[in-house]
Each structure stands twice: as C-alpha cells, then as structure tokens.
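Hi everyone, thanks for coming.

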Amino acid sequence: MTLLDKLTHSYKSGLALLLVPFFFACDDPSELGLELNAENNEFDTQKIELVLPTSTIAIDSLRTDQFAASLVGKYNDPVTGSVEAISYNDYGVNGGTFPDSENGLEFSRAFIRMAVFDSRMDQPLAGETVNVYEATDTLFNGAVYLSDRSIPYNEEPIGTATYNYDPEIAEDSVLEISLSDDFGLFLFDRLYKVSDPGGDYIDSLTQGLYHYNPLVFVPGTANQGIIGFDLNADTSAIYVEMVDSVGDMSYYTFDFREKHYNQLIRDKSGSQLSDLTSEYMPSNNATQYSYIDMLAGVYTKVDLQPYLDFIESNSNLIINNSTFQFETVKSSSEYIDSLAQLNSFFITNDGRINGPASLSASAGLYAILSENSYLSSGSDLLVSVPDSSLTYQSNVTLFSQILFDNFHEGEEYLTEEFVLTSPRTLSMNQTKLINSEVKLTLYYTSIKK
C-alpha cells in the first residue's frame, strides 16, 4: 500500500467513525439524523485554537532555471538584505527574412527587446542600466542551476541600455538594448550563409546545430531596483534588422526560449536578519514577525508542536474541520505586494525541505496537499491565499486527521514542522507574518467523559 493509499484509507476510516453517532442515535431508521437527544448523546463537538511557533530561516539552494522568468537588477531591503540578480540566457533561431544576393538586404543594426512583466523597487526607477555580455561557458539542458551558480563571461559588453521604469504607467513595457555591430554582423553572416535553400548551412541553423554563447545580463553598479523579463513573450528576442535598396526594413529574430537561469548574489550584512548565516538556523532578530522573501532566500518555518501535544493528550476523536490562518502586515512599499500564494513544504528527516520531490507523485511525503488530493491520491499541493484582510487561510482538515492517526497508529508523524514558500520561486513579492497570529483552529468530535 502506498502512502497516499494509506492517507485515503485513514480518512475513510475516520469518516466512518464520525458517522457512528448518527446511525445509532435513534431506533427508527425513518428518523435518522432528524433528532438527537442531547442528554443521551455521548459525543461532544469542541473548538480549540492553537498558536503555532514560527521562525525566520534562510535557504540558499533556490532553483532558478525553471519557468520563463529572468531577473536583472539590484535591490536593498533593511530587513532581508541586498540582492543582485544576474541573468544567463541561451538563445536560438525563431524566424524572419533571410538576406541573400537577390533581395540585396544589408545589415542595419541588432538589438534586444525584452518584455518586462514584474519588478521590485521602492520608487519609480530612473537612470538604471543593464549591460549584456557573451558567456565563455555553456548552459547544459540536463543540469540544475541554483541561485549561487556563476558562469564566466567576456569583460567587454556587446550591448547596453539605460532605462526608466514606473510600473504604474508602464504596463506591458518593453526594454530595448542596443547591440554592438560586431555581434550583429556575426548573426547577419550566419543568416546570409543559409540563405541558399540548397546550401550546406540551412540545416545547421534551423535544427539548432550552431553554437551560440549564452548572453549574460548584468545590472549597473548603482541600480536601485530589479525588473523581470518574460522569456516566452513574443517580443522577447534578439532582432537583426536589415534594409534593402529603397530603405524598407526586414527582420530575423532569435528568441530566448532555451536554457536559462538567474544568479542571485545575496548580502544580509547590515540588515535586520544579518544573523542568518547558516541554512535552516532561525534568526534571533525576528521575534514579533516572520518573513518570506524568495529572492533573499528568507522563509518562515512553522512548528506544529502545539498540535502534536494536543494529539498526544487526546484519543478517540475525529477532526471535523481544521484551518490554518496566517495574518500578515501590509507592505510598507506601495510597489511590493504580499505573496499571492503559499505552499507548505515539510522539514524531512534530514532537516531540509525537498522542493522537487514536492512536485512528484509522492508529493504527500514532502508537502501538505490539497484536501481533494488526500481523497483521490492526487499530488496537488495545498495553496494558501490571502483574503481581503491579508490573512492567508486554508483548510487542512485531512492533513490534521492524518497526523492524529499517525500517532495513535504508532507511526512517525508525516512532519513536525514545515516551511512556507511561494509557488513562484523567483517571486518579487514579500510577506511579513505576525508570529502571534499564526494559528491552527480545530473543530473536533470526542466522546464525553
């Protein structure tokens, strides 16, 4: 029997016990569930509210080569420290017009356009810079790239841009970066060589057999914010611009839908959380609040010990309803929102979380699942979302019942603590939880003593 089978079995067993008082509450089956004699009812429904201890920890091993996001910039936060985001991107052919001897197209210029979809800043950005370099190493498709990985690149940039950005007036913005003529002519020459359909080069281009050094996007030293590029956007590409004899323009594009990742250079010195120098060791400087900041590698850990104490001091009860409530403080920056969603990853026996495994068929071993997944042996993770008062709420009835059954069946707990993270591993948002308002509320049925 798999774990998820056992989880489903345990719940169904508990449900059967919960129905017992209703089936045997009266002698006449026609009156089933219509009337109960409170004096003779041996069952009692109660409520308990438990404050769960929380702490702020650091986890550096963030995978940044997933999804279609790429970040560039610098940001300094007084609580979580500074972050510099450097973006590494492979590129490949997309499509357009080939230059050839008949159409007489000449090279005009080359440039990059990147669709901006997200940002982190305290105020609108002005005079920010980004430089583009060619890497001297390769990005490997089968490799996993974590946030602390760096790749060497040439000292001379092939492109640069200075930009302003205000997210309130710049929706669907596009950043344009001019590229050097040397780099543009390198791409133009390859396009020209394949212009003959019967030539030897067309397959090399269209089948991706040509090698291109990855491009590295590096922020300026004085940058004050981070912007995010959508690599899947139609506008995010390298453009080779060509002009014919009458001045008409044609283009060929190379897109960024290849291997990519972000290097995140973190520095917590001088910040409130400067004592987060080792992974998973809680900060002593965060007592009233706990923090979640994916870019800074800062997470909230929640301890289930108050609930485990409750489990171990009670028997013969059924969890009717169980809810997490995590109350937050509104961000002090009008440009930074709280995280839109939270997942809950277990601290496993090795003292760490296992994010990749939480996305597998055995997710129930590594994360809290949705209620439906416990019933169907699915693997959808529990998603906690904030309400209008910025309090994250989620139903964890079956998870709570499983922990209760773990103890009373002599098994190890699925987990004794968990870490709150965002499904978006490169989220620009931040969340500040009020420690005294991280609660588990239980409604349960027990036998009267």
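Let me start with a question: which residue lies over the face of Tyr-239? It's Arg-113, at 5.4 Å from the ring centre. When I say a charge sits over a ring, I mean that NZ of Lys or CZ of Arg is within 6 Å of the ring centre and within 35 degrees of the ring normal.

Some housekeeping. This is a predicted model, where local features need pLDDT of at least 70 and side-chain atom pairs count only at pLDDT 80 or more, while totals for chains, interfaces and linings use all residues. Residues are numbered from 1 along each chain as its sequence is written, and side-chain values use heavy atoms, with hydrogens and water left out.

Tyr-289 has a charge over its ring too: the charged end of Lys-432, 4.2 Å from the ring centre.

Back to Arg-113, which also belongs to a salt-bridge network with Arg-109, Glu-176 and Glu-241, joined through shared partners. A salt bridge here is a side-chain nitrogen of Lys or Arg within 4 Å of a carboxyl oxygen of Asp or Glu. The whole structure has 13 of them.

Take Glu-49 and Lys-439, whose side chains meet in a salt bridge at 3.3 Å, N to O. Glu-49 is in strand β1 (residues 43-51) and Lys-439 in strand β22 (residues 431-447), so that pair links parts of the chain 390 residues apart. Strands are DSSP runs of E, at least two residues, and helices are runs of H or I, at least four, numbered from the N terminus. Glu-49 is partly exposed at 44% relative accessible area, whereas Lys-439 is buried at 15%. Buried means under 20%, exposed over 50%, and partly exposed in between, using a 1.4 Å probe and protein chains only.

Next, Asp-118 and Arg-424, with their closest N and O atoms 2.8 Å apart. Asp-118 lies in strand β6 and Arg-424 in the loop between β21 and β22, 306 residues apart. Asp-118 is buried at 14%, and Arg-424 is partly exposed at 38%.

Now the rings. They pair if the centres of Phe, Tyr or Trp rings (for Trp, the six-membered one) lie within 6.5 Å; planes under 30 degrees apart count as stacked, over 60 as edge-to-face and the rest as tilted. There are 23 aromatic pairs in the whole structure. Phe-346 and Phe-399 are a stacked one, 6.0 Å centre to centre with 25° between the planes. Phe-346 lies in strand β18 and Phe-399 in helix α6, so the pair ties together parts 53 residues apart in sequence. Phe-346 is buried at 0%, and Phe-399 is buried at 1%. Elsewhere, one aromatic cluster includes Tyr-91, Phe-98 and Phe-183.

Last stop, the largest pocket, with about 550 Å³ of space. On a 1 Å grid over the protein atoms alone, a pocket is an open set of points where a 1.4 Å probe fits, with protein on both sides within 12 Å along at least five of seven lines; lining residues have an atom within 4 Å of a point. The volume is the space filled by probe spheres set on the points.

Of its 26 lining residues, the closest to the centre include Phe-345, Ile-353 and Pro-356. Pro-356 is in the loop between β18 and α5, and counts as exposed at 61%.
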